[in-house]
Amino acid sequence: DARDLGASSILKYSIIVKTGDTLLAAITINIDDCDIHESSDKLIKLYRYSVIDSVNIQNSTFYNCAKEAVCLYEGSSSAPMARLGYAEVINSTFYGIGREAIKLQSNPNTKLLVDHVTCYDVGNGGTKAVVYVRNASDVTVKNSIFENNNETTGFISLANQSNVLNNCVFW
């Protein structure tokens, strides 16, 4: 929250990844034991053409975000994709999120694992899934709890019959 540093309002993004397409080697992003909060837009955002081997999020808490918490692409379905090989969100909690807790779109080659995640009060917009995936065919959501989420169209949107939803609780 930038207000701690004297800013007059909260930040638009907490973490952005913008490597461009000239990077010679893919980067790895590790977020472990972090408390990421207060955003007027997205908490984590990957920009177009970013070259990323993996995004590893573990043991972290995300809250008070106007839009998506973890957005694994630029945010527009028409934007060129980030080149992301693998993403995982493990043992983490999301609450007070205006739209999706985790959103992946535009890259069919990205593998995503969501494991031991708790989502509470996500999707205040009313029509957004808590976990939203498009165009990826190697996605697993398991061992997670989804409670008091306000969307009306479905908690999880995996959009591919090869993706897996296992051992989750919805209420």
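Trainee: How many aromatic pairs does the structure hold?

Mentor: This is a predicted model, in which local features need pLDDT of at least 70 and side-chain atom pairs count only at pLDDT 80 or more, while totals for chains, interfaces and linings use all residues. Residues are numbered from 1 along each chain as its sequence is written, and side-chain values use heavy atoms, with hydrogens and water left out. Rings of Phe, Tyr and Trp (its six-membered ring) pair if their centres lie within 6.5 Å, and planes under 30 degrees apart count as stacked, over 60 as edge-to-face and the rest as tilted. On that basis, the number of aromatic pairs in the structure is 3.

Trainee: What is the angle between the planes of Phe62 and Phe94?

Mentor: The rings of Phe62 and Phe94 are 4.8 Å apart, centre to centre, and the pair is classed as stacked. Phe62 belongs to strand β6 (residues 61–65) and Phe94 to strand β9 (residues 93–97), so the pair ties together parts that are 32 residues apart in sequence; strands (E, at least two residues) and helices (H or I, at least four) are DSSP runs, numbered from the N terminus. Both Phe62 and Phe94 are buried, where buried means under 20% relative accessible area, exposed over 50%, and partly exposed in between (1.4 Å probe, protein chains only). The angle between the two planes is 10 degrees.

Trainee: Which residue pairs with Phe146 in a stacked arrangement?

Mentor: The partner's ring lies 5.1 Å from that of Phe146, centre to centre, with 15 degrees between the planes. Phe146 is in strand β15 (residues 145–147) and its partner in strand β18, 24 residues apart.

Trainee: Which residues make the nonpolar surface patch of about 310 Å²?

Mentor: Patches are made of residues with over 30% relative accessible area and no salt bridge, like charges being joined within 9 Å and nonpolar side chains (Val, Leu, Ile, Met, Phe, Trp, Tyr) within 5 Å; the areas come from the Shrake-Rupley method with a 1.4 Å probe, and for residues only the protein chains shown count as cover. Trp171 counts as exposed because its relative accessibility is 62%. The patch is made by Ile145, Val169 and Trp171.

Trainee: Is Leu43 buried or exposed?

Mentor: Leu43 sits in the loop between β3 (35–39) and β4 (44–46). Leu43 and Phe62 are 19 residues apart in sequence and 7.8 Å apart in space, C-alpha to C-alpha. Because its relative accessible area is 0%, Leu43 is buried.

Trainee: Which residues do salt bridges that share partners join into one network?

Mentor: A search of the whole structure finds 6 salt bridges, including one between Asp41 and Lys42 (3.0 Å, N to O). Glu100 forms another with Arg99, the closest N and O atoms being 3.4 Å apart; Glu100 is buried, with a relative accessible area of 1%, while Arg99 counts as partly exposed at 22%. The network consists of Asp41, Lys42, Glu68, Arg99, Glu100 and Lys103.

Trainee: What is phi of Asn59, a residue other than glycine with a positive value?

Mentor: Asn59 lies in the loop between β5 (51–58) and β6. Asn59 counts as partly exposed because its relative accessibility is 35%. Its phi is near 55 degrees.

Notes. A salt bridge is a side-chain nitrogen of Lys or Arg within 4 Å of a carboxyl oxygen of Asp or Glu.
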